[in-house]
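Reader: I would like to understand how the labels given to parts of a structure follow from their definitions. Could you take me through some of them?

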Amino acid sequence: MSIYPDMSVQDRAEQPYMGITASVTMGDFSPLTDRMPEILERLAGQGVEPAGPPFFRYRLIDMERQLEVEGGVPVATPVTVDGLSADVLPAGRYVVTTFTGHPDRLITVTADLLSWADDQGLTFEQHNEPQGHLWACRLEIYETDPADEPDMYRWTTTLAFKLAD
């Protein structure tokens, strides 16, 4: 049984975003986290307001070796910005939960979300490749702005993983 009572299946609309992609390891996300402010600065330089909080989109996961992860910021409409790519989070049904606490606990929260979905008989839109698990859309959405709340134990993060249709 889940200790996160707000786990649910939600319909999410398509969402355009701007971002960057990095290869990271579970022990070192700095190639991505260090560049997240750059995304916001580049968008602000073009007069583009975020349409929601920033996120990490896990594309390819091999927990033992490497992960391909995008750092993104939702936008109302994609624009051309040097150094950023435009993409869209797909519409569909997602398993969603929200967690308040230090981001280093997200591995446990993720395991609980995956277990809850399995208990419900739900299937994610992902498949195995030789280099790891390829996901259609697996998100960590950072609801708390670190500039407003420096205490990481008070940060709120939403997880949203796309289900197979």
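**A cluster of rings**

Author: Phe124, Trp135 and Phe161 are linked into a cluster by ring pairs. This is a predicted model, in which local features need pLDDT of at least 70 and side-chain atom pairs count only at pLDDT 80 or more, while totals for chains, interfaces and linings use all residues. Residues are numbered from 1 along each chain as its sequence is written, and side-chain values use heavy atoms, with hydrogens and water left out.

Reader: Why is the pair of tryptophan 135 and phenylalanine 161 called edge-to-face?

Author: Rings of Phe, Tyr and Trp (its six-membered ring) pair if their centres lie within 6.5 Å, and planes under 30 degrees apart count as stacked, over 60 as edge-to-face and the rest as tilted. The centres of tryptophan 135 and phenylalanine 161 are 5.6 Å apart and their planes stand at 65°, so the pair is edge-to-face.

Reader: What makes the pair of phenylalanine 124 and tryptophan 135 tilted?

Author: Phenylalanine 124 and tryptophan 135 have 5.4 Å from centre to centre and 55° between the planes, and this pair is tilted. Both phenylalanine 124 and tryptophan 135 are buried (under 20% relative accessible area, with exposed over 50% and partly exposed in between, for a 1.4 Å probe and protein chains only).

Reader: How do you know that arginine 138 lies over the face of tryptophan 135?

Author: A charge sits over a ring if NZ of Lys or CZ of Arg is within 6 Å of the ring centre and within 35 degrees of the ring normal. Arginine 138 lies over the face of tryptophan 135, at 4.7 Å from the ring centre, and the charged end of arginine 12 sits over the ring of tyrosine 94, 5.5 Å from its centre.
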